[in-house]
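Trainee: I'm new to this one. Could you walk me through it?

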Amino acid sequence: MNGHISNTPPGGYGSYSPQINGYGSPTFAQAEREQSSRTSAKALYEQRKNYARDSASSVSETSHYHVEHLTTFVLDRKEAMITVDDGIRKLKLLDAKGKVWTQDMILQVDDKAVSLVDLESKNELENFPLSTIQHCQAVMNACNYNSILALVCKEPTQNKPDLHLFQCDEIKASFIHEDIESAISDSKSGKQKKRLETLR
């Protein structure tokens, strides 16, 4: 220890803190400092805990994913377009003919909706409230587009639902699917729990 032994006669300041650079303090003052140090450490710990919790909550508010919109089909029995698999089959046919016209965009997920945002202008292109999402699915390695997110959405004003297909390269479709599914689950339960765990 780097403390200093006191030469002060009895009755003077006879006990010095080893943590002070050459200046003595009474024993009771040292105890107060130690108590204060413990209090400060606990307060700091609580602040850090709250910071981590608040940071995690803020992260959960909105997720941003760079995706490539491939195509949108109307699910219609007359067109033999009923399931996601039907959509993937038609996508393959279009791809084989070179007729897939893609567009890069940002897909955002929050506790209320999934929205599509233009990459350059940042303008919102479309908004799907979670209540309108009938089905969400990740289709991996099914064709040249190997990480497809499929969203089936139907607004109250629509007669038939739309099937939206997105290629997800930077973050795989399987994770985005989990994010959306957890957001829908939380929306139905009224609790912000499952999505936070998914993002963690």
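This is a predicted model: local features need pLDDT of at least 70, side-chain atom pairs count only at pLDDT 80 or more; totals for chains, interfaces and linings use all residues.

Trainee: Which residues is Phe166 in contact with, leaving aside neighbours within four places in sequence?

Mentor: Phe166 is also one of the residues that touch the most other members of the largest nonpolar core. Such a core is a set of buried (under 20% relative accessible area, 1.4 Å probe, protein chains only) Ala, Val, Leu, Ile, Met, Phe, Trp, Tyr and Cys residues joined through side-chain atoms within 4.5 Å. With those sequence neighbours set aside, the contacts of Phe166 are Val67, Glu68, His69, Leu70, Met105, Leu107, Leu116, Ser147, Ile148, Leu149 and Leu151.

Trainee: Which element gives the largest share of that core?

Mentor: Helices (H or I, at least four residues) and strands (E, at least two) are DSSP runs, numbered from the N terminus. Contributors of at least two residues each include β1 (62-74), β2 (103-110) and α3 (173-189). The largest share, 5 residues, comes from α3.

Trainee: Is Asn141 buried or exposed?

Mentor: Asn141 sits in the loop between β5 and β6, and its phi is near 55 degrees, a positive value in a residue other than glycine. Exposed means over 50% relative accessible area, with partly exposed falling between that and buried. At 62% relative accessibility, Asn141 is exposed.

Notes:
Residues are numbered from 1 along each chain as its sequence is written. Side-chain values use heavy atoms; hydrogens and water are left out. Contact means heavy atoms within 4.5 Å.
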